[in-house]
Amino acid sequence: MITRDDIEFFDDMEVFQEVLVTPTEYSYWVEHKIVTEGDTRLVENVLGLVGEAGEVAEKTKKLLRDSTKLDRNDIIKEIGDVVFYATALANFFDSSLAEVLEMNMNKLNDRASRGVLQGSGDNR
Ligand SMILES: [Mg+2]
């Protein structure tokens, strides 16, 4: 089992520290970084998302295999890569990171209010 004890944190770090970039600014920034255009963009963005999620899994696997500490910054960088491709996909569908965040919060709040957070099915 992996716990927070397996991750190297910095003592002077604040949790949920304030950042200056907004989700909307990030969506515009991502759109200017996308290099794939046309018919291949959707597939490239989906593969990018899956690949970066795989890198998060790979770092976690190595933590188990090698019994070493996981560097917090290394995993945050990979999570950032996941967010990049998730944002690129949102942009592709004429959405934005802000809309994705809001819809996800609304969906989970609705499920929580109806007592169906656990279970399965996309539209429960
Ligand atoms: Mg990466």
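Asp 94 is found in the loop between H3 and H4. The model is predicted, and its protein chain contains 4 helices and 2 strands.

**Overall architecture**

- Taken along the principal axes, the box filled by the C-alpha atoms of the protein chain is roughly 45 × 40 × 30 Å.
- The protein chain has 124 residues, of which 7% are buried.
- Of the contacts between residues at least 6 apart in sequence, 72% join residues at least 24 apart.

**Helix H3**

- Helix H3 comprises the 21 residues 72-92.
- The buried residues in H3 include Phe 84, Tyr 85, Thr 87, Ala 88 and Ala 90.
- The cover over the buried residues of H3 includes helix H1 (23-33), helix H2 (41-66) and helix H4 (97-114).
- In an α-helix there are 3.6 residues a turn, so residues three or four places apart point the same way.

**Packing of H2 against H3**

- The axes of H2 and H3 come within 9 Å and cross at roughly 160°. Because angles over 145 degrees count as roughly antiparallel, H2 is roughly antiparallel to H3.
- The crossing of H2 past H3 is left-handed.
- On the H2 side, the residues making this contact include Arg 41, Leu 42, Asn 45, Val 46, Gly 48, Leu 49 and Glu 52. On the H3 side, they include Asp 74, Ile 75, Glu 78, Ile 79, Tyr 85, Ala 88 and Leu 89.
- By class, this contact of H2 with H3 has 13 nonpolar, 2 polar and 7 charged residues.
- Gly 48 lies in helix H2. With 19 other C-beta atoms within 10 Å, Gly 48 is partly exposed, because a buried residue requires 20 or more.
- Between Gly 48 and Leu 89 there are 9.8 Å in space, C-alpha to C-alpha, although the two are 41 residues apart in sequence.

**Packing of H1 against H3**

- The axes of H1 and H3 also come within 9 Å, and they cross at roughly 90°. The two helices are therefore roughly perpendicular to each other.
- H1 contributes Tyr 26, Ser 27, Val 30 and Glu 31 to the contact, and H3 contributes Phe 84, Thr 87, Ala 88, Ala 90 and Asn 91.
- The contact of H1 with H3 divides into 5 nonpolar, 3 polar and 1 charged residues.

**Loop residues with positive phi**

- Most residues other than glycine have a negative phi.
- Asp 94, which follows H3, is not a glycine, yet its phi is positive, at about 55°. Asp 94 is exposed, with 7 other C-beta atoms within 10 Å.
- Ser 67 is a residue other than glycine, and its phi also has a positive value, near 50°. Its place is in the loop between H2 and strand E2 (70-71).
- Ser 67 counts as exposed because it has 8 C-beta neighbours inside 10 Å, and 12 or fewer defines an exposed residue.

Terms used. Residues numbered from 1 in each chain as written. Predicted model: local features only at pLDDT ≥ 70, side-chain atom pairs only at ≥ 80, totals over all residues. Contact = placed C-beta atoms within 7 Å. Expected span 1.5 Å × (residues − 1). Axes fitted to C-alpha atoms, helices over the stretch in contact; angles between N-to-C directions. Parallel < 35°, antiparallel > 145°, perpendicular 65-115°, else oblique. Left-handed = near helix turned anticlockwise from the far one by under 90°. Nonpolar A, V, L, I, M, F, W, Y, C, P; charged D, E, K, R; others polar.
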